[in-house]
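I have opened my notebook beside a structure that is new to me. Come along while I look things up.

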Amino acid sequence: MASSGGPFKLGSDTQTMGSSMLSIPRRLSVEPRLTLTTAELHLLDCVDGSLGAEDLAFICGRSVAEVAQMLARLVEAKVVSFEAKAPIPVLSAAPKFGDEIELALTFRAEIDSISARLESEDSYQLLGVARGATKEDIRAAYYRLAPRFHPDRHFRKKLGHYKQKIEGIFAKLTKAHDTLRSDELRRLYDATLLRSSRSVSPAAPAAPPIAAVAAPSGFPRASVRPAVGTGTPSGSVPPFAVAQETEEQRHLRRDALARKMSRIPQSAPGTASSRAPAASRSDDPPDSTPSAPSCAADAGAPAYEKVKGVRSSDAEIFRERFEGVGNEVRDRRLARYLATGEDAVNLGDYRTAAAAYAQALKLAPENQEIALRAKQMANLAGIP
Amino acid sequence: MERVIGIDLGTTNSCVAVIDVDGVPQVIPNRGGYKTTPSIVAITEGGRRLVGHIAKRQSITNAENTVYTVKRLIGRKWDSDPVRSVCGTVSFTVEEGPHEDVRIKLRDAYYSVQEISAMILQEMKLVAEEFFPGEVLNRAVITVPAYFNDAQRQATKDAGQIAGLDVIRIINEPTAAALAYGYGKSMNKVIAVFDLGGGTFDVSILEISEGGVFKVIATAGDTFLGGEDFDHRIMDWLIDGFKVEHGVDLRADRMALQRLRDAAEKVKCELSSVSEADVNLPFIISHGPDNTSLHLQKPVDRETVEKLCIDLIERCRELCRSTLKDAHLTASQIDEVVLVGGMTRMPAVQKACAEVFVREPSKGVHPDEVVAIGAAIQGKALLDEQEDLILLDVTPHALGLLTAGNHFDELIGQNTTVPTSATKTFTTSRDNQTAVKILVMQRESDENQLLGEFLLTGLRSATKGQIEIEVTFSIDSDGIVSVFAKDCETGLEQSIQVTSSSGLTAEEVSQMMASAEEYMIERKGSDELEGVRQNAEKLSADIEKLFPQVEALVASSDFGREALGKAREVLANTKEAIEKSDLALIKEHSEALSRTLKMFKGVVSRPT
């Protein structure tokens with residue numbers, strides 16, 4: 001972890017390295033501030049912190065002067081820097097490209113552009129075929145396009161939010177193909193296309209009712225327990241009652257089975273408890289809700305009060321982030337705040353939830369999901 | 001690039017394959033030279049673990065501690081029909097585990113089904129590692145029947161983890177077979193894969209497109225229809241006949257049962273090539289007050305077996321027809337039929353397959369090895385960026401949620417290409433309902449299995465039908481299901497990633513991993529001992545062979561006699577060390593032995 005070296009050692013390392021890297025362009029981990037051309041994106045893909053302008057010129061098949069000009073644009077777009085690294089590197093094992101997404105920028109641009117028109121285009125446009133296309137045309141178009149957007153092409157690469165985008169494109173293409181290659185579905189689809197071009201909003205079908213749990217405030221937590229019975233779960237409360245055996249009896253029986261089948265000798269209860277699953281199970285309250293991560297409970301103090309009590313200053317957060325075990329502590333705290341938030345939402349206490357998410361956002365300011373959630377909660381709680 | 005092994009973890013036999021550097025698929029033979037290894041695990045009286053052929057060989061004498069057919073139990077609940085049916089026929093002891101799962105008792109210890117599967121996987125890993133000395137092969141693609149559900153897939157993944165494998169993907173057996181069939185060829189074809197293995201039946205229809213794209217169009221199957229069911233029919237017939245003849249029920253005797261099982265399998269295989277064969281089991285049971293030995297001797301002909309299994313074959317036929325229907329294809333639109341699994345050697349099965357698809361099946365692939373090869377191909381395709389091959393598989397079961405009145409509302413249909421997602425709007429079913437429970441279900445045949453559930457709370461109090469909730473299901477390329485629910489009015493959201501439980505806790509899995517690793521270290525240690533021992537024995541034998549010659553040449557001098565004495569001492573010491581299985585000591589003496597042998601050889605080759 002980052003704690004082993006300490007900030008000073010890392011800082012001095014960077015300084016010595018920095019002086020030799022002054023003329024080498026380096027990729028910054030931000031989205032471009034300007035719209036870049038394909039050629040510029042390609043150049044940006046090649047910038048890896050070790051290649052100089054001449055090498056890049058060779059790669060791009062352009063003159064050094066041209067590349068220098070393009071690099072200047074990239075600097076302007078704030079995606080490339082010629083300066084030494086920032087004084088506080090996060091970790092020595094930072095990704096090579098200084099970017100958490102392992103996809104070529106040219107491909108990213110393509111994905112973005114297709115994603116943007118995914119909703120507005122019809123199946124024919126998506127596949128790039130004419131309305132009168134034959135089945136063979138459709139087949140060929142699909143097999144040419146779809147594999148490029150299958151996530152397996154980028155197996156075990158970091159795709160970030162592009163994973164969802166790629167999967168979205170793939171699913172849409174597949175749907176288009178499956179529809180247009182079936183005579184019946186294609187006829188129906190063509191009919192809808194015709195209709196929608198005349199009237200804008202087709203009548204939406206009535207939504208079917210969902211399995212309901214009539215839940216006033218203080219929802220009984222026990223019913224959130226994952227179903228363990230083999231019978232079909234039903235929405236009524238209590239949902240998973242098993243006829244002959246009470247919950248407690250079953251737990252006792254299961255624990256006994258776990259003890260019996262553990263390969264640890266019974267005579268050593270000390271070691272048995274550390275390995276036998278029974279021990280940890282019995283510690284678990286039977287009504288713990290799966291929606292709230294258990295970190296809220298095992299962190300010691302009740303998480304609920306923690307949020308109310310702690311008004312951690314920015315300075316404290318800063319210290320935690322940059323000193324020693326910062327990351328670990330931060331992650332744990334983040335999980336706790338999120339769990340508290342989730343609990344509060346379930347209890348309908350939006351003020352607490354808003355506070356918890358606000359704290360969480362301070363710890364992870366770049367997390368869009370948390371930001372969204374914090375905003376929602378603040379709205380619900382009536383906090384400006 | 002690091003090699004990825006493809007493992008076909010079968011009900012009766014398992015197989016392992018890799019893709020060579022030059023792109024040629026290779027099935028790896030085990031120590032005995034066989035390309036498939038029986039999926040059988042046994043624990044001997046001395047507590048030693050046996051896997052594969054050696055486990056099979058001792059299965060009659062050690063019936064109670066020999067496990068087979070675990071694939072029929074993996075990922076299943078204790079309280080389910082398949083488990084009950086397996087319990088009634090196997091010779092080992094099956095008991096209920098702590099999480100409604102199944103545990104197997106072997107010599108006073110209980111093992112989870114995943115652990116037993118892990119032992120087989122470990123053996124396959126060892127087979128591969130022995131074939132590529134010095135390489136550690138951790139990455140694997142494992143195949144499962146296409147019709148396996150989420151829990152069964154997860155359990156198989158856990159087994160891989162326990163075996164110390166990095167399971168990069170679980171793929172479907174018929175799909176793997178199709179990959180092997182079409183790998184390296186450029187074609188535009190629609191093929192059907194008919195896969196009748198030891199325990200399961202799958203049929204898949206795929207479209208192969210030039211450029212190496214394999215798209216599954218439809219798949220169906222039965223996870224409880226396979227060679228073993230054919231064996232059972234023959235067994236039952238033999239047992240019933242014996243009962244009529246002698247009035248003795250052989251089901252009560254585990255050893256007799258095990259012999260019958262082997263005999264039934266053997267006669268079934270024989271009847272694939274000849275039309276009549278004999279079952280001959282002398283001294284099958286002792287009976288009566290004076291312990292008279294009874295023998296089972298019975299001729300069986302092909303027709304009888306076909307009659308016994310007629311409904312099983314009919315079930316295959318029916319599933320083929322329904323798959324064609326799901327694919328919106330007629331039999332004439334299928335360009336090729338590929339047969340997979342040992343059971344497809346049975347003439348009646350081939351005939352049924354040919355009838356449904358109106359064409360003779362292709363004989364181009366090896367029915368026992370093709371699945372492992374396909375798994376290895378998929379492994380290479382995933383990790384090798386130069387490889388263009390891509391597999392577009394489908395979800396074999398429909399996904400949806402349970403709505404009021406226990407009605408299954410489908411969001412993602414059976415045979416939908418993954419990755420995929422679907423959104424549907426639901427509403428409340430009662431007045432003033434402030435929470436909804438989202439029950440994520442998988443539909444398997446006509447039964448619904450709960451995958452996971454969560455609550456969306458904080459809904460506005462309103463009359464029923466007013467609140468709209470948008471539910472989105474998605475399956476990613478690893479088959480992971482995520483569900484996302486949103487209250488359209490407040491924007492409140494709630495989501496889960498369905499992590500299907502295989503019946504073991506994470507703690508148990510890591511504990512089992514540790515003990516599997518221990519075994520591996522021990523096993524590698526014993527492998528080393530074995531190697532050193534063999535070497536020492538060979539050296540000793542060579543020395544002893546030269547002894548008389550050397551003696552004749554050197555015995556005349558005192559110095560020579562002293563040297564001979566020392567040589568004898570070394571031989572005796574080595575023998576003792578081997579008896580004690582002392583690795584360090586054998587190693588030490590081996591050096592002396594090779595020095596002695598060198599000297600002896602020198603002596604013998606003296607110029608005269």
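Leaving aside its neighbours within four places in sequence, which residues is B:Phe194 in contact with (heavy atoms within 4.5 Å)? I find B:Phe201, B:Asp202, B:Cys316, B:Cys320, B:Val338, B:Leu339, B:Val340, B:Thr344, B:Val349, B:Cys353 and B:Phe357.

A note on what I am reading: this is a predicted model, where local features need pLDDT of at least 70, side-chain atom pairs count only at pLDDT 80 or more, and totals for chains, interfaces and linings use all residues. Residues are numbered from 1 along each chain as its sequence is written, chains are lettered from A and ligands numbered from 1 in the order in which they are written, and side-chain values use heavy atoms, leaving out hydrogens and water.

Next I looked up nonpolar cores, meaning buried Ala, Val, Leu, Ile, Met, Phe, Trp, Tyr and Cys residues joined through side-chain atoms within 4.5 Å; buried is under 20% relative accessible area with a 1.4 Å probe, protein chains only. The largest has 55 residues, and B:Phe194 and B:Phe357 have the most contacts inside it. Domain 1 (5-226 + 312-392) and domain 2 (227-310) of chain B, with bounds from an automatic or database assignment, both give residues to this core, so it lies between them.

Then I turned to strands (DSSP E runs of at least two residues, numbered from the N terminus), which pair if DSSP finds at least two bridges between them. β14 (201-209) and β15 (213-222) of chain B run antiparallel, joined by nine bridges. In that pair, I see B:Asp202 partnered with B:Gly221.

Terms used
Buried < 20%, exposed > 50% of the residue type's maximum accessible area, 1.4 Å probe, protein only. Contact = heavy atoms within 4.5 Å. Helix = DSSP H or I, 4+ residues; strand = E, 2+ residues; numbered from the N terminus.
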